[in-house]
Amino acid sequence: MTTVNQREGLARRGRLTFRPPSEPVATSGAIGVFRLTGVVGAEPATVYVPPLSEGQSLRLVVMLHGAGGVPESAVKVLRDEADRHRLLLMAPKSRAATWDVIAGGYGPDVRNLDRLLGDVAATYPVRAYTIGGFSDGASYALSLGRANGDVFDSVIAFSPGFEAAEIKVGNPRVFISHGTDDRVLPIDRCSRRIVPALKASGGDVTYHEFAGGHEVPAAIRREAMEWIELDASS
């Protein structure tokens, strides 16, 4: 059993204490869009659960919003793909205007995500876990995903600015996309530096540049979802 002090120490290094259950549970919660409360003081996460037939399981995709964003915007990025690919979407809200490691250091958002993951995994038949995001959310997804490869088997980063994992555990697959005309997080100083560094450290990286700005085009969203399904174990 992890003590409170141990959990705090892990959270400050970007490590989750949540571990996926050995077998998916039976569905016992709501279907559709709803809000889910995490730790005390945190704003609720937005969750979308697609319709499920008996015996079906889901891939949980944690979607992280950009700076100043809201959970609903993060869910909207993949909402059209969720039914087709049997995705349970969960979008937490950062405790500050952006994610904790950017705002001052790991801690509050890690603890909140820990609680949310535990609640969802205890309520729905989750077979696999992905973390993703856009902009600052993509940077945070890369950072947490690389630090928690024993939880997440894959990371989706739409237009990230950096990767800041203090600890690297496991080797999750990574999908990165970036617009060549991005004026918010310019590609030359962001993904064109991040991708070679990830590959040099042994990362399994799929990278797609597209003609466009700071955005997630529909074609990129579809490509990311097809990439997820390439993992035969999911």
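Guide: Start with Arg79, which is partly exposed at a relative accessible area of 29%. Keep in mind that this is a predicted model.

Visitor: Which side chain meets Arg79 in a salt bridge?

Guide: Look along helix α2, residues 71-85. The N to O distance is 3.9 Å, and the partner is Asp83.

Visitor: What is the N to O distance between Arg115 and Asp119?

Guide: Both lie in helix α4, 4 residues apart, so they are separated by about one helical turn. Arg115 is partly exposed at 42% relative accessibility. Asp119 is partly exposed too, with a relative accessible area of 28%. Their side chains meet in a salt bridge, N to O, at 3.4 Å.

Visitor: How many residues apart in sequence are the parts tied together by Arg192 and Glu209?

Guide: The two side chains meet in a salt bridge of 2.9 Å, N to O. Arg192 belongs to helix α6 (residues 191-200), and Glu209 to strand β8 (residues 205-210). So the pair ties together parts whose separation in sequence is 17 residues.

Visitor: How many salt bridges does a search of the whole structure find?

Guide: Side chains of opposite charge can pair when their charged atoms come close. Arg15, Arg19 and Asp150 are linked in a network of such bridges. Over the whole structure, the search finds 10.

Visitor: What is the volume of the largest cavity?

Guide: Rolling a probe the size of a water molecule over the atoms shows where empty space is left. The structure holds 1 cavity of 30 Å³ or more. The volume of the largest cavity is about 40 Å³.

Visitor: Which helix supplies the largest share of the lining of that cavity?

Guide: The lining includes Trp99, Asp109, Asn112 and Tyr140. It divides into 6 nonpolar, 1 polar and 2 charged residues. Helices α4 and α5 (136-147) each supply at least two. The largest share is 3 residues, from α4.

Technical notes
Residues numbered from 1 in each chain as written. Predicted model: local features only at pLDDT ≥ 70, side-chain atom pairs only at ≥ 80, totals over all residues. Heavy atoms only, no water. 1 Å grid on protein atoms, 1.4 Å probe; cavity = no way out; pocket = protein on both sides within 12 Å on 5 of 7 lines; lining within 4 Å. Points joined across faces, edges and corners; volume = space filled by probe spheres on them. Nonpolar A, V, L, I, M, F, W, Y, C, P; charged D, E, K, R; others polar. Salt bridge = Lys/Arg side-chain N within 4 Å of Asp/Glu carboxyl O. Buried < 20%, exposed > 50% of the residue type's maximum accessible area, 1.4 Å probe, protein only.
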